[in-house]
Amino acid sequence: MTDRIISELENAAGIIMAPPNVVSNEQRHAAESIFIDFRKSKSPYPICREILEKSQNHFVLFEAAEVLKVAIIREWSFLLDSDKVSLRQYLFEYITTREAAPFVRDRILQVLAIMVKRASIDDNGKERANLLREVENLIVNAEPDKKILGCNIITNLMQEYASTVKSTDVGLPWEVHFKAKKQFEATDLKRIFQFCIYLLSEAVKTDPPYSESMLQLTGYLLKITENVLTLIGIYEAVYEADAAPALKLTSSWSEIIFSPVLLPLMFQIYWKVRDLEQLAHHSLTCLVQLASLSGGIVSSDEVRHKYLHAYIMTLLNLVSNVTIKSKESLGVSNIVRKLVIFFIHDMPKLPDGVMDTLLDEFTRLTCNFSDGAALEQSSEEDTYFSDAFDNMLEAWSTIIQEFSPTENKLAECSKRIFNNYVQCHLAPPDGCRQSNNGDLEDIEDNEDKDRSRYKDQLQTIGVFGRVVPSHTLPLLFKLLEARIEKLVVQLESMHNRAMNISEAASLDNIFEDIHWILLISGHVLCMDSDGETPMIPSEIMQYSIEQNKRNETTLDATIKAIVAVESKVQTPPDFDQCDHVIRIVFNVLKLCIVEDYAVSITLGHFLSPEVGSTLMWFLKRWCLSYLLPVENYYQELSPTLIGCLGKDTDCAKLVVKYVIAKIQSNLYYFQSEPILLRDTVDLFCDIVCVKQKSTHIINTDSMRNLIRLHQEMEPGTLPPNILRGLFKGFVLAGVALQNPADMNSYYEMILTPLQQRCKSIVSQENFTRIFHEEKVQKVVIDLLECFIGIAKGSQMASVEILFCFLAPMLSELPVFLTIYNNYQVIVQLILELFGQCAKYMLCYLSPLDSKRLYESSLAMVQAYAKCNTGRLSTEAFAEENSFQDLALVLDLLTFILSKDCIDLCANANNEEINVTASDVSLFGLNFIMPLMTLDLLKYPSLCAQYYRLLVLINDIYPEKICNLPQDLLRTLLHSVELGLTNFGSDIVQACLDFVQGMATYIFRHKLLNTPFAEGLRPFLKLIMDLTLSHQINSDTMSSASTCIYSLMCCFQEDYQMLAQSLIDMQSDPMIAERLAAAFTNLTSLVAMTCDRQPKLRFRDNFEKFIANVHGFLLVK
């Protein structure tokens, strides 16, 4: 009988492994069904042992091991202890005495590890200790291949106790797994670590070159040691090697970790294997982990200081005697980063001289990694040095925060690192930047890649610069002045004659140098202020004050520099006494003048758009922090800076004039450079949105000139997104006007031309015949972009005026949408306009104005749905366009719904309007639901938006959902069912939240006899089936359990019938009995009241229920 089964399996394996041209699909499917049936075998232990003894087919042997694994997980609680011991001993003997294919051996080792882990829960690790004793004997005394086998056994055992994706789901609740893991860590993990350290100490006594067997064994021992040091403390499901958790140990590890020989041994091992790539990584990871020692083991200050001193001395011995290679740079930098994170407060207490030596070595390493990173950037190879440099900068950020910047050593280190970074980004002779052989990318291709890609680096370099401003500011303005002088000479030369190749390369280098000097200067002078008020850094303010006190700078010389920006004089009077901050800004403004000069002599096409963009970025950062500062924010003010840039000063007005003039110049001359224009408009919007600044900007001639420039431009001149940004700025600036009459007059100035342009288009009798003409479309697109900008710039003070202007236009747009329904760009702009009005204006609108926006929005959604229902298209991008359209509509409905959450209307005038935002959202949803096909919902962002909207409506107004019309209700619940079965965990989570919320509402309001309750009834079986068949993953299992509980409270009889049907389905009486007991325990001591406490108790019961029935119950 057994021989027949083995023969049948071997024949089936031969068919499965055969090439496609040898066997038919029917034969292959029949062979697969044989193995599927084999996997379902009950108590397959005798037949599996026979297969392992008799079969020579690797595929069949692997399947036998897999069947053993599944059966042990499924039937563990039914096996006799003697059978467990017998099987464990047999498998151990099998792998130690037989030759097996690696994949078969690994699966048997996994089975062995699972058995030992499950046994340890009952016997507190006795069986595990016996196994480890046998394995240790094997590694010490057996042949080389058996030593490796012993290491593999330990690795598999550790893997099963870990909480990583590689550990098997053995049907244990998390709390039981965690308890077993902690018990393993407290006992046998220490034993494994000590055993490996002993063997490594023996191995290190011999010098390279090592034999192949020695290399292999050392490699396995280092992997196990690395796993021990990373296993402790891993509580979550997944971790990456470069983000391993800290080495958090209890005091029970003290004897091992604080042994005087451990750290020297680990560093000695690394010293000997650092040239062997297959071993060096594991050894270095061990050193990184030892650098993160924490927990109860280092609770004593004395112990921590002693350990840190020992570690640092061995580290210094290593790094001062070797040249760090690229692949090890990342590990070394991680050691530094971890030491700083975990021991920063202990470093000042190191013995005299050690701290200075340490900072010197850190500085040397940082500069070396910076040089290596610069070479990597030019060759685009692996980024080991770049990542290592980032790690070092992260460590330095913490060091500078914790140590006093006035310390001479820290100032010296900052100066060295800053100089090195600047040199790495400048062309020879001042720097060492590698040439990219003229292969320059357009700014459109790389966007502002340096600014964003190196943002973290530049922020830290800025911190270094502010530690020693007396060194860095003069260095930066001298470098900038030298480059501007070269640029002017080059432009004058180009004006007279054509460039040669070397001059073109030189011009490229000048532009790249200016770009990097501006980036570095911007980060030294200003700090990133996302979400905070931009301010002058205290270090820069203090430096400026001290300069003034020492009479090194004067207010008069600084003012003369600002006044001289537009003059042709190269050096203003008393330039050496100009404040260093203003001197840098003088050079930046001078560079703006040089750009305009180049355009005036028809050399604008030679200018660098990247430098132009960086100029705008610098001016934005600087203006927000320095121009017209709010004096109350500072404890101490520099008389030079405040006298030059403070409110009501002539110099501040001059700077405003220069900046607005440059914005105007860029909009006029660089209309084909979208990235440059984007940064220009960002500068404009950011300075006018600050009320203290825009008050001094709005009434200037420069501002009026900018408005006039736009009004004189032909439609389609500026890129669309630039136009909306410009109008956002215009609208934001108007809020600074305190007088209502002035505000009305200002908005009339910018809005009336738009109104006239709109009327001139719409009022044309032949509009329906000429609407498709390009010039008409340009006007329409420009108007819509301007309207979007106006909506985005709305604030509480201006929204009434602006909405009165926009409302008539919005009411006309559904007609426009119908006319332009085949013009995707215009359709999407109309949809986006409504969304932006709802997002930025609705929360401030009165009930009457809100109703006007609701009506226009619904008319627009209805028009869109009418134009697109049943529409067929042969365009390749039709589905993509529909996705974008519907995403905009869902945005609109979501923003409208938020009115019921956030209503900031200042004056409601007791208006009573019986239309709520949720009514509008649900009504709009009714129009677009027929357009939401399954194919469109496969777009992740659209899918997420749709289900997010459902959950939001459910959270705010569940009663509205309960009272939906029957057709809409059916469609909505069908989409929730799709969400549970067709999409990822985020969507499943949203659907579970929706079902749970509605079930709770129905139960608490006793609505069990309503149509909605009947529609919700099938979800109890659906969600139960999904959880039992493991189609809901562990991340959402908690939500699924509380959702099932809420449904059970509503439909208790349905639950009883469902449980009974599942029990009746089982053909095996033992499984049926076990399942019945599991269902009984599931609801034990749980009140069906939909309250919080019983819900939490049910959640805990459900986790145990799933772990219990896993393996013996599968619902298809």
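Author: In this predicted model, residues 24 or more positions apart account for 77% of the contacts in the chain with a separation of 6 or more. The chain holds 53 helices and two strands, and its C-alpha atoms fill a box of roughly 100 × 80 × 60 Å along the principal axes. Of the 1116 residues, 54% count as buried.

Reader: Why is leucine 969 called buried?

Author: The word buried is kept for residues under 20% relative accessible area, and leucine 969 has 3% relative accessibility, so leucine 969 counts as buried. This leucine is found in helix H46, and, leaving aside its neighbours within four places in sequence, leucine 969 is in contact with Ile961, Leu964, Pro1011 and Phe1012. Its C-alpha atom is separated by 9.6 Å from that of asparagine 926, which is 43 residues apart from leucine 969 along the chain.

Reader: How do you know that the span of H46 is close to the one expected for a helix with 17 residues?

Author: The expected span is 1.5 Å times one less than the number of residues, which for H46, covering residues 966-982, comes to 24 Å, and the helix reaches 24 Å from its first C-alpha to its last.

Reader: What makes H37 and H39 roughly parallel to each other?

Author: The axes of H37 (residues 774-792) and H39 (residues 824-840) cross at roughly 15° and come within 8 Å. Angles under 35 degrees count as roughly parallel, and H37 and H39 are therefore described in that way. Their crossing is left-handed. Where the two helices meet, the residues include Val780, Ile781, Leu784 and Phe787 in H37, and Ile826, Leu829, Ile830 and Leu833 in H39. By class, this contact has 13 nonpolar, two polar and three charged residues.

Reader: At what angle do H38 and H39 pack, and which residues make the contact?

Author: Helix H38, which covers residues 799-819, packs with H39 at an angle of about 145°, with the axes 11 Å apart, and the crossing of H38 and H39 is left-handed. The contact is made by Leu806, Leu810, Leu813, Phe816 and Leu817 of H38 and by Val827, Ile830, Leu831, Leu833, Phe834 and Cys837 of H39. By class, the contact of H38 with H39 has 11 nonpolar, no polar and no charged residues.

Key. Residues numbered from 1 in each chain as written. Predicted model: local features only at pLDDT ≥ 70, side-chain atom pairs only at ≥ 80, totals over all residues. Heavy atoms only, no water. Helix = DSSP H or I, 4+ residues; strand = E, 2+ residues; numbered from the N terminus. Axes fitted to C-alpha atoms, helices over the stretch in contact; angles between N-to-C directions. Parallel < 35°, antiparallel > 145°, perpendicular 65-115°, else oblique. Left-handed = near helix turned anticlockwise from the far one by under 90°. Contact = heavy atoms within 4.5 Å. Nonpolar A, V, L, I, M, F, W, Y, C, P; charged D, E, K, R; others polar. Buried < 20%, exposed > 50% of the residue type's maximum accessible area, 1.4 Å probe, protein only.
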